[in-house]
Amino acid sequence: MSTPTHDSRGRPRIAVTGLGVVTSLGRGKADNWAALTAGRSGIKSITRFPTDDLRTAIAGTVDDPQFGPFSTAAALTAAMATTAGEEAITQASLGRERAFPGPLYLATPPAEIEWPDRRAIYDAATGTGENGYKRLLAAARSVEWPELHSICQFASVSERLAVHFGTRGLPVSVSTACASGATAIQLGVEAIRRGDTDAALCIGTDSSVQIEALIRFSLLSALSTRNDVPDSASRPFSKDRDGFVMAEGAGALVLESYETALARGAEILGVVLGCGEKADDYHRTRSKPDGTAIIGAIRAAIEDAGVAPESIDYVNAHGTSTPENDKMEYLSLRDVLGRHLDETPVSSNKSMIGHTLSASGAIEAVISLLTIQNGVLPPTINYTNPDPEIPLDVVANVARPARVRTVLSNSFGFGGQNVSLVLGAP
């Protein structure tokens, strides 16, 4: 028997008491929600590095002057995470300043050194007697780059954030491709359910719009090449979709046991009802053709939530705008939701903010909870040419009012990393 503070399995319910977000649409929930419901796009031409002769020259970059110019992607990744985390903690009113009473779970991209820094290291190397890559390695092994060494270690971002927020225990950094943000939330949920903590700070952040990453995705033919009209490049579920648009941003959630949140009189913004994950090893970039991994993640999330598939009111889709992924997501939703999918509205935030990669699961969880709170479904913009092989009730181009109690939010990543979340009203 379930109680108000525990689910039918006797596990603590997971309350969300704080939300924060940064995207190419702006800083904070208010700016982002206004832009999303107005159907505005944050995708634009890239100006931070030359794009001459590149097939793709657009992205959802975060160019807010508050963050200033950063020499490394890791610095911008940390700055966006800090801003989103501060907004979430302030809303939750939990703990003292720089003393958050729980652990940090951070979704973050792989740490890399960008080309400008590589060039600086190379040019600074003298007297090594080496050239090419050997010269670069010799210079990198010197003691002249302690700050660069530090920020390019994978855990450096989480360690800096843990000090800034005063979280408890060792921070956990996770990189499960484009499922990372949802994975961070799942880890927080599981920690509270186990009784390891009463609260968790879960953040997803990514600033991978750098020239090398752009070229890599372009070589995979994964990116849209609609450079002339950036705001119409991302076209999830459309017949003429031609790839995703890289983007940056951060999303943060403060999770608490429902019992603790009630006891301190916190405003409960929503609940994380269930999490599901399933991975496969079919291909480094492609989904398993039979969809079993994606189907398994969706089904596991719904079962973990203890709800029927028919109770899903809205799907915040992964919806990348790539030919294969959109169709695979539709087929998987059809398998799990059956006929109920015909009457379930679906939309993709990526049509407006682009694909924020490691941060996407956290950002889209924040947007899903704002959808529940406000009773408005953000649209999928640029949906003017529906794909007849993907017959979904897409929230097309204009926001739609709706009473939403339960949202399914999907995050599927390269390498067969798949995580789904079921989020509910308080």
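**Helix α3 and beyond**

Modeller: Let's begin on one side of helix α3, where Pro116 and Arg119 are exposed. Exposed means over 50% relative accessible area, buried means under 20%, and partly exposed is in between, using a 1.4 Å probe and protein chains only. Please keep in mind that this is a predicted model, in which local features need pLDDT of at least 70 and side-chain atom pairs count only at pLDDT 80 or more, while totals for chains, interfaces and linings use all residues. Residues are numbered from 1 along each chain as its sequence is written, and side-chain values use heavy atoms, leaving out hydrogens and water.

Helix α3 covers residues 115-124, and its buried residues are Asp117, Arg118 and Ile121. Seen down the axis of α3, these buried residues fall within an arc of 105 degrees, so they line one face of the helix. The arc is taken from the directions that run from the helix axis to the C-beta atoms. An α-helix has 3.6 residues a turn, so residues three or four places apart point the same way. Helices here are DSSP runs of H or I with at least four residues, strands are runs of E with at least two, and both are numbered from the N terminus.

What do the buried residues of α3 pack against? Their partners are α4 (132-140), α5 (146-151) and α8 (211-219). Contact means heavy atoms within 4.5 Å.

Now to the nonpolar cores, which are sets of buried Ala, Val, Leu, Ile, Met, Phe, Trp, Tyr and Cys residues joined through side-chain atoms within 4.5 Å. The largest one has 46 residues, and Leu19, Ile185, Leu253, Leu255, Val272 and Leu421 have the most contacts inside it. Helix α13 (residues 360-374) gives the most to this core, with eight residues. Apart from this core lies another, of 35 residues, including Met80, Ile89, Leu201 and Val254. Setting aside neighbours within four places in sequence, Leu253 touches residues including Val16, Leu19, Ile185, Ala362, Val366 and Leu369.

Helix α13 also meets α1 (residues 28-38): their axes come within 11 Å and cross at roughly 75 degrees. That makes α1 roughly perpendicular to α13, a term for angles of 65 to 115 degrees. The axes are lines fitted to C-alpha atoms, for helices over the stretch in contact, with angles from 0 to 180 degrees between N-to-C directions. In this meeting, Lys29, Trp33 and Leu36 of α1 touch Ile367, Leu370, Thr371 and Asn374 of α13.

Ser156 is in helix α6 and is buried, with a relative accessible area of 3%. Beyond its neighbours within four places in sequence, Ser156 is in contact with Ser150 and Ile151. In the loop between α6 (156-165) and β6 (172-174) lies Leu170, which counts as exposed at 77% relative accessibility. Asp52 is exposed as well, at 63%, in the loop between β3 (44-45) and β4 (58-59).

Finally, look at Asn397 in the loop between β13 (393-394) and β14 (400-401). Asn397 is partly exposed, at 31% relative accessibility, and its phi is near 70 degrees, a positive value in a residue other than glycine. Most residues other than glycine have a negative phi.

Terms used. Angles under 35 degrees count as roughly parallel, over 145 as roughly antiparallel, 65 to 115 as roughly perpendicular and the rest as oblique.
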